[in-house]
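Here is a predicted model. The questions below ask what its strand and helix terms rest on.

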Amino acid sequence: MTDEQERVQPSGVWATAVGVARVRALETERKNALFRDPLARAFAAAGGLWPSSPPPDDEAARRRRLAVSWSIVIRTKFLDDLLQQASASGVRQVVLLGAGMDSRAFRMNWPEGTRLFEVDTAAPLDFKAAVLRQERAVAQCERITVAVDLREDWPDALAAAGHDPAEPTVWIAEGLLIYLPEDAVEQLLARISEQSAAGSRMGLTLGSRGVIERFGADAAPGSAASMWVSEMPDDPVAWLARHGWEAESHSLRERAAAYGRPFSTPPQREDQPGGLISAARR
């Protein structure tokens, strides 16, 4: 039986990771791409999202799709930069929480000795493994997959896979927290903090205030927006400070302008800092 025949098809929340791969594949084809992800197209195709679908007929739905795609591109670039900065500072442990179809282990240049842990449930990791075998992809660092549900005791699973909490770690939670209820977000952050030595870094993406009302109210069943349940705190910097992190909060529009990729539509509300968070462990 071939990898294609064995491959479990995306479903539920983790299916959104294939949609993210589709966006990254489209960005990779641009001449002025903010990043290049050579594996993204293979992930999207394996999940039935390539070639890309035509834009919706409904103008409001089309604009929502464009806004979500734009946010994925900006957050990917933001977290790429954060990871490069952490590596330059000497951090050699990377943990991707809810890794999905992330291919940073393969597409980024990592210093010698870097260990990258991809934490996710078994189904997306198995799907991903089949595509990676098909593409004969070679990781640019030591890549370790950890199959565990983030609602379970994932720190023990991570430790069993070789993560050392006494050494600094850079943690990435990209497109994850918005799918978790607030109490689960608090628990996740507490567990990250317990496993983080001084000098650790963290990159988070958070749903901006009001995003569920704007995008989720009439979202199609099964779409990403239909599964969003939490937004960022009113003051994300203070929230992280209570957990022992020094954080900086950025808006998508601010970072997009800095990357030369501004969003042309005027904001529907006052543009508050938030959505993209970089933090360092005290």
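**Strands and helices of the sheet**

Q: What makes β6 and β7 count as paired strands?
A: Six bridges join β6 to β7 (residues 276–281), and the two run antiparallel. Pairing takes at least two bridges, so β6 and β7 count as paired.

Q: Which residues stand opposite each other in these two strands?
A: Glutamate 248 stands opposite serine 278 in β7. For glutamate 246, the bridge partner in β7 is alanine 280.

Q: What makes β5 a partner of β7?
A: β5 and β7 run antiparallel and are joined by five bridges. At least two are needed, so β5 and β7 pair. Methionine 202 has alanine 279 of β7 opposite.

Q: Why are β3 and β6 called edge strands?
A: The open sheet has seven strands in the order β3-β2-β1-β4-β5-β7-β6, with mixed pairing. β3 (142–147) and β6 (245–250) each pair on one side only, which means that they are its edge strands. On average, neighbouring strands of this sheet are turned by 15° against each other, direction ignored.

Q: How do you know that helix α6 packs on the sheet?
A: Helix α6 (residues 122–135) touches β2 (115–120) and β3. Contact means heavy atoms within 4.5 Å, so the helix counts as packed on the sheet through these strands. The direction of α6 makes about 145° with that of β3.

Q: Which strands does helix α8 touch?
A: Helix α8 (residues 182–194) packs on the sheet, touching β1 (93–97), β4 (169–173), β5 (201–205), β6 and β7. The direction of α8 makes about 130° with that of β6.

Note on methods. Residues numbered from 1 in each chain as written. Predicted model: local features only at pLDDT ≥ 70, side-chain atom pairs only at ≥ 80, totals over all residues. Heavy atoms only, no water. Helix = DSSP H or I, 4+ residues; strand = E, 2+ residues; numbered from the N terminus. Axes fitted to C-alpha atoms, helices over the stretch in contact; angles between N-to-C directions.
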